[in-house]
Amino acid sequence: MNLLKSTVGRKILMAVTGLMLIGFISVHLLGNMSVFAGADGINAYAKHLHDLGPLVWLFRLAMLGLFAVHITFGVQLYLENRAATPDSYAVQKTLVTTFSAKTMIFTGLTILTFLLYHLLHFTVQITNPEISAHNLPLDAAMRPDVFTMVVSSFQNVFIVVVYIIAMIALLLHLMHGVSSWVQTLGWSTGPSQDKVTFIGKLLAIAYGLAYIAIPLFILARIVK
Ligand code: HEM
């Protein structure tokens, strides 16, 4: 089977890259949760990451590849699917599908748009001049003060709204994504499929709420 050309092959690649992206989202969430431990928590975490040096760039390259494959095939399969069913009303009526499954392309593109903004915001640091790499203060241990950068950003209600909309898109995307890769790879059939779908939805809600809690708790001054 030609993985890049056949529909099944591309679905398998989407499932595998999707699973890896879920891995990234899990590690990133755990790292970000260290904001709840205060400046010492997240600044130490960020320093450990930056100290990895060239490995960070290797990791970034791998992430870029994963996102590129996942997004390219996602858009391709969506367009092919749409072209194959121009009058999809009758088909949609008979298919058992969920809101999150039907909206994967839109939630996916929302996440992509967010990601571009997010990288400019926290990695390149050009969207808010007051937190640019030049102005970012050092903490008492002479580490870049990522805590202050994150907290001062999320004291701005507009930034929090953007993040919350994006995290809702992520939650919806994961509602389908966390369980669908198991089915695509043929690892769940029959009655076990319902269980996998249910656990997938629970996990998606947990990821979404945990991510939303970060900007929300900061806006509410519970973290400051
Ligand atoms: C409340 C939500 C989030 C917060 C507070 C947050 C925080 C951060 C911070 C502080 C950085 C910069 C790390 C550093 O260079 O020290 C970062 C980088 C990044 N974030 Fe997030 N993030 C959030 C959600 C997300 C989501 C949902 C995704 C993916 C869909 C994501 C993907 C990334 C990526 C790809 C990077 C770049 C990593 C690198 O520089 O190598 N983030 N994030």
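**View 1. The iron atom of the ligand has an octahedral arrangement of donors.** In this predicted model, the 6 donor atoms around the iron subtend angles of 87 to 180 degrees, which makes the arrangement octahedral (six donors, with opposite donors over 155 degrees apart and all others between 65 and 115). Donors are N, O and S atoms within 2.8 Å of the metal (3.2 Å for Na, K and Ca), and water is not among the atoms, so sites may look incomplete. His28 (NE2) and His118 (NE2) coordinate the iron at 2.0 Å.

**View 2. His28 and His118 link two helices at the iron.** Because His28 lies in helix H1 and His118 in helix H6, the pair ties together parts that are 90 residues apart in sequence (helices being DSSP runs of H or I with at least four residues, numbered from the N terminus). His118, at 15% relative accessibility, is buried, whereas His28, at 24%, is partly exposed (buried means under 20% relative accessible area, exposed over 50%, and partly exposed in between, with a 1.4 Å probe and protein chains only).

View 3. His28, Asn32, His50, Arg60 and His118 come nearest among the 20 residues around the ligand (a heavy atom within 4 Å).

Residues are numbered from 1 along each chain as its sequence is written. Local features of this predicted model need pLDDT of at least 70 and side-chain atom pairs count only at pLDDT 80 or more, while totals for chains, interfaces and linings use all residues, and side-chain values use heavy atoms, leaving out hydrogens and water.

Definitions and conventions. Four donors count as tetrahedral if all angles lie between 85 and 135 degrees; four count as square planar and six as octahedral if opposite donors are over 155 degrees apart and all others between 65 and 115; anything else is irregular.
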